[in-house]
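Reader: I have a model open on my screen and would like to walk through it with you. Could we take it one question at a time?

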2 protein chains.
Amino acid sequence: MPELRKDPLIGRWVIIATERARRPVDFIAPHDEPLPQADCPFCEGKEQDTPKEIMAIRANGSQADRPGWSVRVIPSIKPVLRIEGQLGRRAKGMFDLMDGIGAHEVIVETPHHIANAADLAVEQIHLSLQASMKRIADLQGDPRFRYGLWFKNYGQTAGAGRIQHARSQLIATPVTPLRVKEELLGARRYFEDKERCLLCDLLSQEQASPLRVVINSTHIVALCPFASRFPFELWILPKRHACDIGAITPQELEDLASVMKQVWTRLKSVLDDPPYNCLLHTAPFRHGRGKAGYWKTIEDDYHWHIELIPRLTRVAGFEWGSGFYINPTPPEEAAQYLRETPVEVTSDKT
Amino acid sequence: MPELRKDPLIGRWVIIATERARRPVDFIAPHDEPLPQADCPFCEGKEQDTPKEIMAIRANGSQADRPGWSVRVIPSIKPVLRIEGQLGRRAKGMFDLMDGIGAHEVIVETPHHIANAADLAVEQIHLSLQASMKRIADLQGDPRFRYGLWFKNYGQTAGAGRIQHARSQLIATPVTPLRVKEELLGARRYFEDKERCLLCDLLSQEQASPLRVVINSTHIVALCPFASRFPFELWILPKRHACDIGAITPQELEDLASVMKQVWTRLKSVLDDPPYNCLLHTAPFRHGRGKAGYWKTIEDDYHWHIELIPRLTRVAGFEWGSGFYINPTPPEEAAQYLRETPVEVTSDKT
């Protein structure tokens, strides 16, 4: 009997196929057509092929837009929003619109031509997360922006294009994305009822049983959520309550890097190097909101986390249009595959 | 300058790329690998290859599960929900779940091996819509179900699989899908403020200018919505306010068939036979809701419509996880292409 499961955060129902569940071998990986390495603009030595760097983590003495960096942040070559200008919020009849102002940056996670972040050393992942945190903090200072959307596409099916060089992206937007708004609302509703954070409750319940937990590290937990929309969907959460990833401690960030490395490595092993998307859900920026007390509430009830979605299935029209998903792999089975795969996670690779 | 546009119904912001907009020729149609016609279970004469029919529109005297039908409704061969059993709503710790009970039916829209509903006669489309209406009305009588999700996938990319035979599907679910819930909420908010239906207001504003209108027929309008998430996205709406498609008049249904034929034909012509999804958004079933007055409100503020999404672009992780879409083709340009393409919409084809 299939199960209908409800996501506790935003109230989305998901159909979980419990019989004839699809196993890892049932998912056929799509075939990428990579650009030759010689054409990669993100490799060390190709700094002139990209816009000027916004920041970089560099060896002492090395010059901007020259070799010598370990992580480099540049404006996107194809920005979806423009950095210059004012918002111009206005109406067109009954409709609302504004100019497409925002920042769109690319965090190049390694100077070497390595496609999957799973193949980076933990230290390298740590550096790239540090750079991302710095950029989020910096964009937070711009009063035009309300949200910093950090994400990572790996593989062509996941939208990474033909350049196979590990990177993440950061888009600062003048509006809070709908999905985050829904989560803020769901978290608040739960808090109003229970006076506790929903994801804190979820963490304590999930850690009590290994059923859906993949990694339980010192500060960070990776699990397959109860109402997973997609096969092998993962959430990565901090144990310590914080609405904003900006509040992360150095120890937590180090642990996050190590958990991400493990998660990516286990996914690569279980699903034969699948395409995936990672997306940070964190609190909106702390200004530009009219309502008093708005931020106080979010601090109590929201809990930042990263969502990781392997792109294994074709999403049908029914799911698109209804927000009602069918997941052919129960999260308990996905978690077991991910936990039990024998992988060696070394910290000194590359 | 790109534009940020807000969907008035659910408050979703969309980035519309107004420069370097993608035109129809920029979208590469994916390649389908159809099953041979001989293997199609939906053709007339292959009735034994499917489950027993639930209903059919048949020539007088022809027997069930035999040739002689023009539209045939059967249970899905791969149902995502099971029809037998009780819901068993229950908790698992903090989580909510129930058994995956529901109906999943396939409306075979023609006895002939024709893939695209654009190539059916208007009369044939009309018959298949009539059959769909009958099935929705019938499932509405089952107290376990709250919603009837009618949709249509065309092309492999859109989830139609390898069988190229025109059909739509109907899934009755014990829960209201999230997207519909959000629309109900947005429609109510607007009504509380204005004491008018949002989509009635939208229709009167859009009809005053040809900018985004593709077809303005006697009872039905097809338009590209202001905050289209996808290139060439279309909404098909009735001019007369009704929350429930079940309230459609015979004249309106006839007009709907003719508008759908035109829309599909124009899409096929402009975008070289693209894959697409159609999805009906209508009011939930009229029972099983605890709150008094719930239905009265929906009657005033909700307005049924069909959403049509051509599957032309790969959706990136950023859009998945944030609900924040990037649309490379402004709806005004899409509407113009669709309006101006020279197509001959005959009513006697096939």
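Author: Gladly! One definition to begin with: two residues are in contact if their C-beta atoms, placed from the backbone, lie within 7 Å. Please keep in mind that this is a predicted model.

Reader: Thanks. How many residues does the contact take from chain A and from chain B?

Author: With that cut-off of 7 Å between C-beta atoms, each chain gives its own count. The contact takes 53 residues from chain A and 54 residues from chain B.

Reader: On the side of chain A that touches chain B, how many residues are nonpolar?

Author: Let's go through the classes. That side of chain A has 11 charged and 12 polar residues. The number of nonpolar residues there is 30.

Reader: Which strand of chain B is joined to strand E6 of chain A?

Author: Strand E6 of chain A covers residues 95–99, and its partner in chain B runs antiparallel to it. Within this pairing, Met98(A) stands opposite Leu4(B).

Reader: What ipTM does the model score?

Author: For chain A, the mean pLDDT is 90, and 94% of the residues reach 70 or more. The model as a whole has a pTM of 0.92. Its ipTM is 0.89.

Reader: Chain A next. What is its radius of gyration, and why does it count as being as compact as a globular protein of that length?

Author: Chain A has 7 helices and 15 strands. The globule rule gives 20 Å for 350 residues, and the value for chain A is close to that, so the chain is as compact as a globular protein of that length. Its C-alpha atoms fill a box of roughly 60 × 50 × 40 Å along the principal axes. The radius of gyration of chain A is 20 Å.

Notes
Residues numbered from 1 in each chain as written. Chains lettered and ligands numbered in written order. Predicted model: local features only at pLDDT ≥ 70, side-chain atom pairs only at ≥ 80, totals over all residues. Nonpolar A, V, L, I, M, F, W, Y, C, P; charged D, E, K, R; others polar. Pairing = 2+ DSSP bridges. Helix = DSSP H or I, 4+ residues; strand = E, 2+ residues; numbered from the N terminus. pLDDT = per-residue confidence, 0-100. Rg over C-alpha atoms; globule rule 2.2 N^0.38 Å.
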